[in-house]
Amino acid sequence: FLVPPAAMTAWAAWQAPYAERPVPGGSAALQAVGDGVWMIAGGWNVMVVRQADGLVVVEAPQSAGYSVKILALLAQSFPSVPVKALVTTTDSLWHFAGIRTYVAHGIPIYALGLTVPDLQRFIAAPHTFDPDELSRKPVKAKWRAISGPTTLGAGPNRLVIYPIGGQ
């Protein structure tokens, strides 16, 4: 049977590397879900919470390249507002594959205490075939292991992170 050209184009786009998957451009990519809370919809979703002293990003999915695009979008949308933290919610690679970019930018990483050793191994693994920012300029990760309820920020957009085991 003949495969329509549109289907072939869609298949080729789907096969694109994860770093090249679309992250919408400009502030329109930030979809408000509450006061000071946005979702960035793209190849994978990322949540952003604005607090008085900076932005908290929840999840670093897909790849270092995807995280570079997320940070660029945040810098464009919130000039002069730093990203103060990254929160990971699971030990699934798809949710934290872009964590190396946040480490390279010196952003503290909040993660379930049980997953920190796995994340440390992921951060320490060499990336010589396709070097990312952390490979080119290594820095020490700023880990914040979550072992009990942990409050991040203050005021109406404070986050209380509760560790839940048994994923």
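Reply: Strand S5 (residues 83-87) and strand S6 (residues 109-112) run parallel and are joined by two bridges; strands here are DSSP runs of E with at least two residues, numbered from the N terminus, and two strands pair if DSSP finds at least two bridges between them. Val 87 stands opposite Tyr 110 in S6. This is a predicted model, in which local features need pLDDT of at least 70, side-chain atom pairs count only at pLDDT 80 or more, and totals for chains, interfaces and linings use all residues. Residues are numbered from 1 along each chain as its sequence is written, and side-chain values use heavy atoms, with hydrogens and water left out.

Helix H5 (residues 116-124) lies across S6 and S7, at about 155° to S7. Helices are DSSP runs of H or I with at least four residues; contact means heavy atoms within 4.5 Å. Axes are lines fitted to C-alpha atoms, for helices over the stretch in contact, and angles run from 0 to 180 degrees between N-to-C directions.

The open sheet has seven strands in the order S1-S2-S3-S4-S5-S6-S7, with mixed pairing. Strand S1 (30-34) and strand S7 (143-146) each have a single partner strand, so one side of each is left without a neighbour in the sheet. From one strand to the next the twist averages 25°.

S1 pairs with strand S2 (residues 37-40) in the antiparallel sense over four bridges, with Gly 34 opposite Val 37. The two strands form a hairpin with two residues between them, and Gly 36 in the turn has a positive phi of about 80°. S2 also runs antiparallel to strand S3 (residues 46-51), joined by four bridges; Trp 38 has Val 48 in S3 as its bridge partner.
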